[in-house]
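Subject: Structure for you to look through

Dear colleague,

Please keep the structure open beside the text as you read.

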Amino acid sequence: MESGYILTYDIGTTGVKTCLFRMSEALELVQSATKEYSIHLLDNGGAEQNAEDWWSSMKDTTTEILSLSKIQPDSIQGISFCSQMQGLVLVDSKFQVVRPAMSYMDQRASNEMKKGIVHGFKIEGINAIKLMLSLWFTGAVAASVKDPIWKYKWVEKNEPEIFSKVKWWFDVKEYLIARSTNEAVMTRDSAFATFLYNSREGKGNWSPLLCKLFGVRLDHLPKIVNSSDRVGGLTKEAADFLGLKENISVFGGGGDASLIGVGAGAVSEGDTHIYAGTSGWISTVTKKRTVDIGARIASIVGAREGYYNYFGEQETSGKCLQWVRDHLALDEIDLYLEKKKITDGPDAVYESLFEFMFDSIKDTEPGSHGVIFTPWLHGNRCPFEDPKARGIFFNISLHTGKRTLIRAVVEGILFHKRWILELSHRKIPTSNTIRFVGGVARSAFICQLLADITGKTIERVVHPENVGAMGAAAIVAFGIGKIQKFEEIKSMIPIQDRWTPNQNHKAIYDKNFKVFQNLYKVNQNNFAILNT
């Protein structure tokens with residue numbers, strides 16, 4: 001391959017990560033920049049973001065990257081996106097947002113979901129007719145209050161004046177593509193995530209019947225494109241704003257659930273990867289359209305045509321680590337103020353408070369002396385759907401200290417991943433060697449724990465925190481013909497480290513894991529009482 005540059009934007013829940021890659025025999029990260037923005041959690045369960053924050057953050061990070069890398073904008077051959085999924089960005093005919101964007105975390109539309117899919121004769125708590133038709137056309141069903149159909153219906157019901165202005169229903173990256181190109185499109189993976197997409201072989205379009213069944217206007221849904229398609233050129237207005245050249249090719253890209261696996265090199269049938277960022281998931285590449293209704297795991301459309309990702313989601317993963325850092329490791333009344341300075345100054349040993357936190361617990365007992373934590377701080381999706389579920393510290397004694405509690409949080413996050421992994425394996429065999437990616441994967445300590453708890457060999461790629469952007473870059477390389485076969489992506493993404501299970505530790509974790517699995521069942525009613 002000849003050398004060239006690709007610019008990618010990874011639009012996350014709490015910030016954008018912009019990466020510049022050089023294309024040669026491998027995808028080489030040249031420079032990256034990040035910019036944080038806020039998410040607004042409302043008392044009614046809403047979770048909203050200002051779409052303008054995404055756009056302005058793209059500008060700031062692009063400016064920083066061009067300054068640091070010293071490259072000329074006209075050397076960039078393509079732009080693409082990886083983004084959070086299942087948001088709802090409603091815009092008018094000029095691509096102006098008509099209300100704040102609704103995040104995938106938004107769970108205020110419980111009444112709309114009950115009316116839309118719960119009433120009537122049920123299978124697994126879902127209206128039987130809508131369940132069967134959804135499975136037939138899409139291969140999945142909108143069974144979560146956080147699914148975008150119910151956000152759409154919530155706006156229609158509660159904000160009719162705003163709803164009357166809507167021209168297009170976008171997800172996050174689709175809005176940014178529109179701002180970049182003046183084109184209204186949606187990639188297949190985003191279309192699938194609406195659960196209005198006909199994913200049957202030979203179809204690949206919106207389903208008029210499902211739109212009618214759920215009361216969605218078909219004319220609100222944009223044209224469907226492939227992840228590797230060139231949507232259009234960067235407009236002069238967008239180029240001037242971002243500091244780039246007009247008409248740079250903009251590609252469809254994909255959602256994080258699609259492109260993180262690509263960036264991990266999990267691109268062939270049977271490849272499994274585990275992601276741990278703010279949220280988390282288990283995903284295995286398959287050619288089968290499969291669903292496990294009881295476990296809330298389904299084959300979702302990915303970036304590679306003709307393939308799916310058998311996918312189970314963990315609602316809060318790294319977010320639990322942020323919580324334990326801010327509210328347990330760091331004392332809120334400044335009792336341990338001096339420990340907040342460990343990353344500052346020329347004598348600092350640690351790059352982050354997370355690194356210090358993990359180092360401080362590395363010698364604690366495997367199994368946390370029987371203390372178990374449930375990582376459901378914002379409800380849960382898989383293997384049970386319950387927005388009322390919450391975190392628990394179980395089996396605390398007089399001898400339980402902070403280090404044990406912190407380790408229990410880490411183990412609880414990984415127990416939940418094992419739970420999804422084992423349920424996934426029932427229908428689609430997971431690989432014996434698993435790629436582990438996301439910001440959490442930067443910790444060697446957690447990588448070893450994941451191997452011990454799951455019994456799998458764990459591999460970590462170079463720059464595991466940038467795999468979404470890496471996947472977006474790989475899609476551009478494929479789209480412009482720099483690589484000829486999708487499988488070639490794996491060879492472009494080298495493995496940095498590998499961990500194998502410690503069997504002595506796994507026996508301890510097996511015991512704790514059995515208890516972990518029971519904690520939701522015995523507390524489901526208690527969650528409902530406390531969090532209604």
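Ser144 touches Met113, Trp150, Arg381 and Glu385, leaving aside residues up to four places away in sequence, where a contact means heavy atoms within 4.5 Å. Ser144 sits in the loop between α3 (128-137) and α4; helices (H or I, at least four residues) and strands (E, at least two) are DSSP runs, numbered from the N terminus. With a relative accessibility of 6%, Ser144 counts as buried; buried means under 20% relative accessible area, exposed over 50%, and partly exposed in between, with a 1.4 Å probe and protein chains only.

Please bear in mind that this is a predicted model, in which local features need pLDDT of at least 70 and side-chain atom pairs count only at pLDDT 80 or more, while totals for chains, interfaces and linings use all residues. Residues are numbered from 1 along each chain as its sequence is written, and side-chain values use heavy atoms, with hydrogens and water left out.

Two packed helices are described by the angle between their axes and the distance between the axes. Here axes are lines fitted to C-alpha atoms, for helices over the stretch in contact, and angles run from 0 to 180 degrees between N-to-C directions. Helix α2 (residues 110-118) packs against helix α4 (residues 148-158) at an angle of about 115°, with the axes 9 Å apart. That makes α2 roughly perpendicular to α4, given that angles under 35 degrees count as roughly parallel, over 145 as roughly antiparallel, 65 to 115 as roughly perpendicular and the rest as oblique. In this contact, Glu112, Met113, Gly116 and Ile117 of α2 meet Trp150, Lys153, Trp154, Lys157 and Asn158 of α4. By class, the contact of α2 with α4 has four nonpolar, two polar and three charged residues; Ala, Val, Leu, Ile, Met, Phe, Trp, Tyr, Cys and Pro count as nonpolar, Asp, Glu, Lys and Arg as charged, and the others, Gly among them, as polar.

Helix α13 (residues 402-425) packs with two further helices that I would like you to look at. With helix α17 (residues 503-531), the axes come within 10 Å and cross at roughly 80°, which makes α13 roughly perpendicular to α17. The residues of that contact divide into five nonpolar, four polar and six charged. With helix α14 (residues 444-454), the angle is about 45° and the axes are 10 Å apart, which makes α13 oblique to α14. Among the residues that meet there are Val410 and Leu414 in α13 and Leu449 and Ile453 in α14, and the contact of α13 with α14 divides into nine nonpolar, one polar and three charged residues.

Some details of the backbone also deserve a look. Most residues other than glycine have a negative phi, and most peptide bonds are trans. Asn182, however, has a positive phi of about 65° although it is not a glycine, and Asn182 is partly exposed, with a relative accessible area of 49%. His463 also has a positive phi, near 55°, and lies in the loop between β27 (457-461) and α15 (467-479). Cys382 and Pro383 are joined by a cis peptide bond, with omega about 5°.

For the chain as a whole, the secondary structure comes to 17 helices and 28 strands, and buried residues make up 60% of the 532 residues.
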